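Try each task before reading its solution.

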Amino acid sequence: MDNMIEIRWHGRGGQGAKTASLLLADAAFNTGKYIQGFPEYGPERMGAPITAYNRISTSPIRIHSNIYEPDFVVVVDDSLLESVNVTSGLKQTGAIIINTTKDANLLKPLLKDYKGKVYAIDARKVSEEALGKYFPNTPMLAAIVKVSKIMTEEEFLNDMKGSFKHKFAKKPEVIEGNMKALELAMQAIIEIQ
Amino acid sequence: MGIRERLSGNEASAIAMKQINPDVVAAFPITPSTEIPQYFSSFVSNGKVDTEFVAVESEHSAMSACIGAEAAGSRAMTATSSNGLAYMWEMVHIASSSRLPIVMPLVNRAISGPLNIHNDHSDAMGIRDAGWIMLFSENNQEAYDNLIMAHRIAEHKDVMLPLTVCQDGFITSHSIENIELIEDEKVKEFVGQYHPEHYLLNSKEPIAVGPMDLQAYLFEHKYAEHQAMKNAKKVILEVAKEFEKMTGRSYGLFEEYKLDDCDVAIVCMNSTAGTTKVVVDELREKGIKAGLLKLRVFRPFPQEEIAKALSKVKAVAVLDKAESLSSCGGPLFTEVTSAMYVNNLNVPTAGYIYGIGGRDTTTKDISSVYEDLLEVVKTGKINNPYRYLGVKGVKNNGI
């Protein structure tokens, strides 16, 4: 199982965490990997906490359960840090990536003294600069690719261009902004622990 | 070589239906199967298929429309889940007793109540006595492959029974995974045209479908259904052999995973089998001889083959994702143990009810079952065969 990477996404309904997990699965698939991308469905409503998952592997994936000991955790909304145990089971050798402007001292107690790596990104700033609107999932997608090194940044950006063309076939005007959000996010991510 | 893709189980099922291009699809949406008719209706709108899509007002009508279409002589499909299946239950029996080979993806979800949208097999087990062939699928690939094989089995002249392809709601229906699709032309050739022997629109042979059938002949007709179900076993294997020639993917009545030399075995169906394979491999690395029997064909029930496959095992656990509330085990457990008794096989066997209402089943859960079995091997005793895996408030798997 050493060659399998497991990722858990925490977001709020409407922020696109599920879409981001599916886009990540897509991108990894396109680099020849075996993938799983699945959300944990609950009562679906805007703002409710949601969880989504990714498994990415070089060999076929047979396990069908939720992920309890992820290698990486992505937190799309930092208000969840107070209500959801986002570091639950997170491997110490892994990392957590949080969309936040909070500094390390504020984050530490919220992360239950997690000893692994902690990355922060101001996805709002990135998104508003690139898209003029707040869609946190695109920057967070770039962030997890950069931190997890599932694929090279170049492979990822090339692949996403194709995915966005397909996904936004009916509104091509947003493709450039989304690509810019990915590129800016790669630069904006900071390691705070 | 096929086409490398990534699809959810629902997408895969809809694409199989697109490639099959049936004459009629009648469906009503219900979570988690909704996407199947949803995707399929877009294929209809975009001219990818020439199917007559009937947007009915209920599942009862969906099955009724399929019955009408099949009786007329065409190929009809629907898809449903949970209470949708419960609502069509009456017509489910009419379909099989009228010997109409309707094919239906069934995305397994708990039957209400209380209301639950998540996976278990209580919906499927509600039609286990309804005369339908029932195939179960571990993942999106198997859901797709089983559908491609479905019509060849159901429409075979020695069978002529409806068929349902089960997969686990959300767990596989909504999970994007790798899949290998078959080229459209190959599927078209494999599935072939449907030429029913008897059908309503044949003006040269006027027939009645579904007339009154009282003491004089209903029994004989049920016996004929029984014969058809028996015949299905052979046909399922023949079709699987041809399918393997086309795709390289091999299917039987069940899959034996490291079963031939194992001491402790789990019998289960659908997505849990994948999780169990992971545990089997982990245990094998520790020198524990664990194995798995993943049942694919639940109807007809391959009793003789199952008993033979389990004959050298020292202890068996049968996992049921349905609580039949008999107070003594789930449906798969009672059928497996019955198969053992009839075939003079006396292997200690325990049943575990698990995963009800979408309760997640982890590798730890599965490991605990193998640990229980190792204990049975050690002591030679099963103190309580009616066990529960993963239910809150019940310690030690209810032993």
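**Exercise 1.** Which residues of strand 7 of chain B lie on one side and which on the other, and are they buried or exposed?

*Solution.* A word on the source: this is a predicted model, in which local features need pLDDT of at least 70, side-chain atom pairs count only at pLDDT 80 or more, and totals for chains, interfaces and linings use all residues. Residues are numbered from 1 along each chain as its sequence is written, while chains are lettered from A and ligands numbered from 1 in the order in which they are written.

Step 1: A residue is buried if 20 or more other C-beta atoms lie within 10 Å of its own, exposed if 12 or fewer, and partly exposed in between, with C-beta atoms placed from the backbone. Helices (H or I, at least four residues) and strands (E, at least two) are DSSP runs, numbered from the N terminus.

Step 2: sort the sides. Leu163(B), Val165(B) and Gln167(B) are on one side, Thr164(B), Cys166(B) and Asp168(B) are on the other, and all are buried.

**Exercise 2.** Find the strands that pair with strand 7 of chain B.

*Solution.* Two strands pair if DSSP finds at least two bridges between them.

Step 1: strand 5 (residues 103–108) of chain B runs parallel to strand 7 of chain B, with six bridges; here Leu106(B) is opposite Cys166(B).

Step 2: strand 6 (residues 133–136) of chain B is also parallel to strand 7, through four bridges, and Met134(B) faces Thr164(B).

**Exercise 3.** Describe helix 9 of chain B, from its length to its cover.

*Solution.* Step 1: helix 9 (residues 218–247) has 30 residues and spans 42 Å from first C-alpha to last, close to the 44 Å expected at 1.5 Å a residue (the expected span is 1.5 Å times one less than the number of residues).

Step 1: the helix bends by about 30° at Lys233(B), the bend being the angle between axes fitted to the seven residues ending there and the seven starting there.

Step 2: its buried residues include Ala232(B), Lys233(B) and Ile236(B). Strand 6, helix 7 and strand 12 (297–299) of chain B are among what covers the buried residues of helix 9, where contact means C-beta atoms, placed from the backbone, within 7 Å.

Step 3: just past the helix, Gly248(B) has a positive phi of about 85°.

Notes. Two residues are in contact if their C-beta atoms, placed from the backbone, lie within 7 Å.
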